[in-house]
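Thanks for asking me to look this one over. Here are my notes, with the model itself shown first.

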Amino acid sequence: MLNHPPPHTLQWLSLCTLLSACCWNKVACSPGEGREIWQQPKPDPIEAQSFLHDTFPSGFLWGSGTSAFQTEGAWDQEGKGASIWDHFTHSSVIGDLATEAPGVASDGYAHWEEDVKALELLGVRSYSFSLSWPRLFPDGNARSQPNRAAVEHYSHLIERLLEKKIEPIVTLHHWDLPQALQERYGGWKNDTLVGLFEEYAAFCFHTFGGRVRYWLTMHNPYLVAVQGYGTGLHAPGETGGPSASLIVAHNLIRAHAKAWHTYNTHFRPTQRGKVSIVLGSHWIEPQSGQATAANVELCQESMEAVLGWFSNPIFGDGDYPVSFRYKHGALLPTFTPEEKLWVQKTADFFALSFGPYNLRLGRTLIQYGQTVSPDLRRMLSWIKLEYGDPSVLVAEGGWFSEAGVGREDTVSIYLMKSFINQVLQAIKLDGVQVFGYVAWSLVDGFEWNYGYTVRRGLFYIDFSQSNPTRTPKTSALYYRRVVADNGFLKGETSSEVKGCFPCDFHWGISDSTLQVHFSPFSPQFTDPHLYSWNVTGDGSLRPVPGVKLPIRPAQCTDYLAIRGHLRLFASTGATHYRFALNWSLILPHGDLSEVNSEALRYYRCVLTELKKLNLEAVVILYYPTHRAPNLGLPFPIHASGGWLNHSTVEAFQEYAALCYEQLGSWVGYWITINEPNRLVDVYSDGKEKHQAAHNLLLAHAKAWRLYEKGQYREQRGMVSLALHADWAEPANPFLDSHTAAAQRFLLFELGRFLDPLLGTRYEEKHSEGGYPQEMKAYLEERVRVMGLPESPLPSFTDTEKKELRGALNFIALNHFTTRLVSPYPHAQAGSQQKKQPPDHDCLTLSDPTWPSSSLGQALVPWGLRSILNWVSHRYGGALPIIVTASGVDDQAPLEDKLRQHYLRSYLQEALKAQQLDGVNLQGFYMWKLQDQHVPQFGLFTSTHHQSKAKASVAVYREIITHSGFPEDDTALTCRFSELHERCSVCAWMLKNKTMLVFGGCLLITAVMMAALILSVIVAKRNQARGEGRRTDRMHRRRRRGKRVPVFSCPPVVKCKR
């Protein structure tokens, strides 16, 4: 994010000093437990990167600081003597700084009252500043008469601070040793300075101590020893090598201890103050994050070689670390047993400097794959473990910004935010006793060997002015807010809501271009041979000569790849599957002269199988590859100019018509073009970008009109185009120019495509339509300023405007992250612009406190809600919005905790947008179904890893099952709740299923017995009837078989009587 000025080349001494930590050996180590910090189990990626919204303990000592040499100026006024830095910067020793000598600097000696007002504006409770030893004693000898003007100056400053209820934190020596002592004794190489420093400290304690509760004897002695007397990069510019540095460090430690004992014996009983020494350090992580025993030892020794060099004698056992003694051997001065006891515990709290000087030095010297990291939290935890949980003051926290940044120091805001939140996490999560934080520095000053080329102040100083004023930078405004809030308050976006999405909500998964497998999995559809097996006893198949069998054409069910792929999809519980067709595969020549019917057949099989599973398809016609050679276009079309040629618009219309006709019966949602706003980024020329976007819009509109006039009546589908829609947040919340840049960025990203199609809610009735008015006005002004002949933005004809307006059935957005946006930094007058800025003149950044993936994608859930609201407010809520792709890469093979967090948090924000903000959101699609090779965006592992479901699949399925985040987790899904309404006794039946089963068995048994009895009765009755019928038949046969004689009766004769 920040391009730091290149560090000066360091000499071999500092290299040896720090690399002493990197030469691992098996000697015993210091008794501290600091190495445990690297051995602790790694937290999950979200916990490790989470920003902590909480407040600091009550009474936390917020402050800011300066040093005398860097800010006071007046280097030769009112009796001040020269310091080694005065001599160093005014001499030929360091010629490149001679023209930047800090004679005036920020003139803090004359403008100290303005400095106090600056502190009041910040609202801080402390001010850390240093006394100038050569100002108080020009010859360095505290036995002589002090400079009365200097005494009065510092007394007035302390009194004013106390009046304003600002605690003074006073440093006795911040590198500006009196030049007289350097010339007379050789500076800190001579142990005479130990006694002289003790006398100087005693004077300061006596003169100012009644009003000062916090004393710091010296600031970052490591850099004095290494860069001042070893490499010569700092004053006094000596290059004495390792031996000189070791001697200087030894004397500095003894001088500090002597001053502490003086205060402890003579002043503490009455003044009741506290005394410490500011120690600076880098922080280091092991090679590739692997905490092996060897790597941990390397890291521990690295810390001992810088911080431990000074802290171990003072906070540890009174001696140098064992690894340090082993490395330097006879070169290292020794402490006598009495001195060890005398040096040990000569600090009332641990004062830490964690800034760019130590970190830069560490970064240039690390080897063995180790990494220097600005991780202040782990640095503080190491101090706690190594030195028995001392109270800690972060006595210097901050970073550089370039001199040209001026007052708009946006990057400094985020570095400050990161450092302070790391301190908060160390307090709240790790139990480190940090009682104060000093933001460095209060005002811009002379930055040592960097001169005025970099700035560190919260307040801007124009060094060209003879009477410099203190102007707050944006980092000062941010720090004031943090101090006022005593930390980082929880925002509204952090709270969770309960509720459900509608039953017709799209729960989807998105993929890119679907891979086509022309041949079915089994060879039975392509191989006509008949085989014999194991004829020779070796288990092989051998074709039978001369025998060929007919093969049958493959059916959709024979494409096992389709069934397996859709089976994975269906197992997630999702309802909608978004995938893309391959334009160049379907129409290799870009027109209907050759149509790949097999490819269309394969896509048709996918769609029919989806229908069988009662799943919906969302089909993309054109999925750009965003890279050479053809950008996903058929080669002939790309060769003829691609999207810079209007003929591609007509070719796309022809292709869309074919797809609608061949596949439309199974497709409910069409996306004409995926992310045209990303596709235009491949064009380097601004005019080409605009022309390509213009033609992409026209191509979409023609495809939409074609469907509306043709297939819509029968197929009733919906057509849109999908835009990449990351949220743009103003990088600097205190600057209107950043707010305007973020809005401009969104207009160029989204407005240029949506405005011509939808217009806006604020558009006047007489508006001509087309591109956003703000965008057109900005480009016209830009053209005027740059002296160009015309705007690069094409214009639509009236016919095209009518064709475009309304050509959208829903708004499809692909959202992944949030970007910080600032105005593009233009070259200053007289310098040449290195890179042509984009037409929107915006630069994107990222907040280092946002959790991020291995590919650098920031996880910012509230950004989804913001972009949904922006689109809804600009274009109204009539059209539904569907998030057609959203996801994050996660390198975990199966336990993808980062993606699980992403799913829950992003869908939470989607629910807030719908329920709290009234956004017409109708779908959310996860990107994507399956990894191709290594673990990345997929919900399932690649086919090479058996297509296993990752843990996020269960999370997504659970959310889908409950249609969101209901109050009652046992709530039924939309599908089951509809079933429940139709069957009111289902719950009772489920509750009494045992009795129902038993009763059912009895009923079935009774029915079967009744049926059996009935069948027996019927059988017997049928048998009886059968026998009766046989008897009757026999009687009839007998009667027919015997001829019974017929006797004729004689006529009756009547007798006469």
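1. A word on the ground rules. This is a predicted model, in which local features need pLDDT of at least 70 and side-chain atom pairs count only at pLDDT 80 or more, while totals for chains, interfaces and linings use all residues. Residues are numbered from 1 along each chain as its sequence is written, and side-chain values use heavy atoms, leaving out hydrogens and water.

2. The chain as a whole. The protein chain holds 37 helices and 29 strands; these are DSSP runs numbered from the N terminus, helices being H or I of at least four residues and strands E of at least two. Of its 1057 residues, 54% are buried, where buried means under 20% relative accessible area, exposed over 50% and partly exposed in between, using a 1.4 Å probe and protein chains only.

3. The barrel. Eight strands close into a barrel in the order β16-β19-β20-β21-β22-β24-β27-β28, and their pairing is parallel. The twist averages 25 degrees from one strand to the next. Two strands count as paired if DSSP finds at least two bridges between them; β16 (residues 506-513) and β19 (residues 576-580) have four, in the parallel sense. There, I509 stands opposite Y577 of β19.

4. Helix α21 (residues 560-571) lies across β16 and β19, at about 135 degrees to β19. Helix α27 (residues 686-709) lies across β21 (669-674) and β22 (718-724), at about 160 degrees to β21. For such angles, axes are lines fitted to C-alpha atoms, for helices over the stretch in contact, and values run from 0 to 180 degrees between N-to-C directions.

5. Strand β25 (residues 818-823) pairs with β26 in the antiparallel sense over four bridges, and L820 stands opposite L845 in β26.

6. Helix α32. Is α32 mostly covered or open? Twelve of its 15 residues are buried, among them L864, I867, L868 and W870. Just after α32, G876 takes a positive phi of about 80 degrees.

7. β18 pairs with β17 (residues 529-533) in the antiparallel sense over four bridges, with P543 as the bridge partner of Y531.

8. Cysteines. The structure holds zero disulfides, a disulfide being a pair of cysteine sulfur atoms within 2.5 Å. C204 is buried, at 0% relative accessible area, and C299 is buried with a value of 0%.

9. The annotated span. An unreviewed UniProt entry lists residues 995-1019 as "transmembrane region"; such annotations may be inferred rather than shown by experiment. In the model, this span is 100% helix and 0% strand, with its end C-alpha atoms 35 Å apart.

Notes:
Contact means heavy atoms within 4.5 Å.
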